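These are my notebook entries on what I looked up, in the order in which I went through it.

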Amino acid sequence: MLDRADCGNDTETSLGGGSSVSRRSVVKTIVALGGGLLLGVSVNDMGDVAAAESTSEFAPNAYVRIGRDGRVNLIVPQVEMGQGTYTSLPMLIAEELEVRLDQVSIEPAPANDRLYSNPLLGLQVTGGSTSIRGFWEPVSKAGATARAMLLEAAAATWQVHADSCRAKGGEIIHLPTGRRLSYAELADKAAELPVPENVPLKKPEEYRLIGTSAKRLDGPDKVNGRAIFGIDVQIPGMKIATVAACPILGGKLVQVNDTRARNIKHVRQVVRLENAITWARQGRGSPLSTSSGTPDRTLSSRAPTLSGNLRTHRNRRAWSQEEGAISARPWLVQPGGSRPCMKCLCSPMPPWSR
Amino acid sequence: MAYRLKINGLDRVVDVDGDIPLLWVLRDVLGLTGTKFGCGMALCGACTIHLNGTAIRSCITPIDSVGAAAITTIEAIGDIPAGREIQRAWLDLDVPQCGYCQSGQVMSASALLAGNANPSDEEIDNAMSGIFAAAEPIRESGQRSSWRRKPLPPERSGVEHAGSS
């Protein structure tokens, strides 16, 4: 990626509690693989302005890409946890960029604190109700800047003044003649233009999306099984560890005999933690052990139990491509040790189920 | 050992031990990760799938007990009318938040609706009570009424609007 141009402006961002810090956002175009317009937007404390403006140190908090297909991709470090970030952040960009909400999608940024920090927290963290507070200004700025560049690109194509053009619904319209060019058609040309400075953001009375209740963009994939959660991620060479934690709060691991566990094919490692054991296996698939292969362990507790004995359950599932087994052996745990106990009954199931 | 399974209308052969739960065959062998692991003990319902149209917990269903039964997972639930209805209702009401439990929710509700086009509130509660969900209040607030294919009686239509607004 090559930095082409930049602009910046100072803003006062009010943080919760009334304190205020000066921040400066910097928007730069970046040569996008596969064409289109790619803007990186960086927010820094005032003290870091020099660093932010230095090409080598330009570390965007987020990227906005307008592809040759007209799709708008917002690449942000924030994660969707049900709080709606994958809908609210697209609303910010769609508002300023004058596209429909369904034209925007989000790509999760890879893990990298330096490149993708939360502007308010300084780390790649989602939490503390900071997603909107932290990204409002930079994402809006990126959207407004991109819109201005697309307007310029259209005006240059038609050889008219940009003031006679409007952005609407993912198109630039030349008002006097009604001519239209889509963002898809303009993205490459816009990427060649210098980045304008201090593009004004919309006034609240001009909002058409912000302040409305939008349907969640992540909804469809969550009712058809396509949404990818942490447990669904597969990485080449990935190994999966199962944790057997002490079932009593405050319990400590006393000893482990991992001989049998280590003898199971594909078990790579048995790790002793202060209050737990983990064992990792190679291969695609779930964490595993067999009932005979679970490390024998003694977990002691100095903590009082709730009603004499605290019963807990561990379902230790086992699988590999070559072999596998399932164990559902609950524990009866007493202070000072553990031993297997009776099998737990499952929850009552409705009659039409099983 | 090789097992021939009928999954989402396709014949699939898997070579695994017989006591592996169906859940892990779906997720790890066949890559159908829409079905979720939650508790592994049939307590939470995240792993719910259909076996011959009946909602079951795949996490405690050994693969050797499946036989020739037709398996339907969340990936294909939109292919049956009740599944489509539920998906539509879920999106109309913007049900999913985190969404982790939603596969199980949709599968449980679809099985109910496939066998009972107009379930009572009690039947819905019974059907869905096996699902642990952080977003439980949403169900209470109006999902139930929107499931029914038939129009609601006039005196109850306000409930639906309250839930879907």
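Which residues in α3(B) meet which residues in α4(B)? I found B:Ser108, B:Ala109 and B:Leu112 in α3(B) meeting B:Glu123, B:Ile124, B:Ala127 and B:Met128 in α4(B), where two residues are in contact if their C-beta atoms, placed from the backbone, lie within 7 Å.

I noted at the start that this is a predicted model, in which local features need pLDDT of at least 70 and side-chain atom pairs count only at pLDDT 80 or more, while totals for chains, interfaces and linings use all residues. Residues are numbered from 1 along each chain as its sequence is written, and chains are lettered from A and ligands numbered from 1 in the order in which they are written.

**Entry 1: the helix pair of chain B**

By class, I sorted the contact of α3(B) with α4(B) into five nonpolar, one polar and one charged residues, with Ala, Val, Leu, Ile, Met, Phe, Trp, Tyr, Cys and Pro counted as nonpolar, Asp, Glu, Lys and Arg as charged, and the others, Gly among them, as polar. Helices (H or I, at least four residues) and strands (E, at least two) are DSSP runs, numbered from the N terminus.

I then looked up the axes of helix α3 (residues 102-115) and helix α4 (residues 121-128) of chain B, which come within 9 Å and cross at roughly 140°. That makes α3(B) oblique to α4(B); angles under 35 degrees count as roughly parallel, over 145 as roughly antiparallel, 65 to 115 as roughly perpendicular and the rest as oblique. Axes are lines fitted to C-alpha atoms, for helices over the stretch in contact, and angles run from 0 to 180 degrees between N-to-C directions.

**Entry 2: the sheet of chain B**

In chain B I traced an open sheet of five strands, with the order β2-β1-β5-β3-β4 and mixed pairing, where two strands pair if DSSP finds at least two bridges between them. Its edge strands are β2 and β4 of chain B, each of which pairs on one side only.

Strand β1 (residues 2-7) runs antiparallel to strand β2 (residues 10-15) of chain B, joined by six bridges, and B:Ala2 has B:Asp15 in β2(B) as its bridge partner. In the hairpin of these two strands, with two residues between them, I noted that B:Asn8 takes a positive phi near 50°. With strand β5 (residues 70-72) of chain B, β1(B) runs parallel over two bridges, and B:Ile71 in β5(B) is the bridge partner of B:Ile7. Further along, β3(B) and β4(B) run antiparallel over four bridges, and α3(B) lies across both of these strands at about 35° to β3(B).

**Entry 3: the domains of chain B**

The domain assignment gives domain 1 (2-76) and domain 2 (77-164) for chain B, with bounds that come from an automatic or database domain assignment. I read the contact as taking 17 residues from domain 1 and 15 residues from domain 2 of chain B. On the domain 1 side, β3 (48-51) and β4 (54-57) of chain B are the elements that give two or more residues, and β3(B) provides the largest share, three residues.

**Entry 4: the sheet of chain A**

In chain A I found an open sheet of three strands, β7-β8-β9, with antiparallel pairing. Strand β8 (residues 171-174) of chain A pairs with β9(A) over four bridges, and A:His174 has A:Arg179 in β9(A) as its bridge partner. Helix α4 (residues 183-191) of chain A lies across β8 and β9 of chain A, at about 70° to β9(A).
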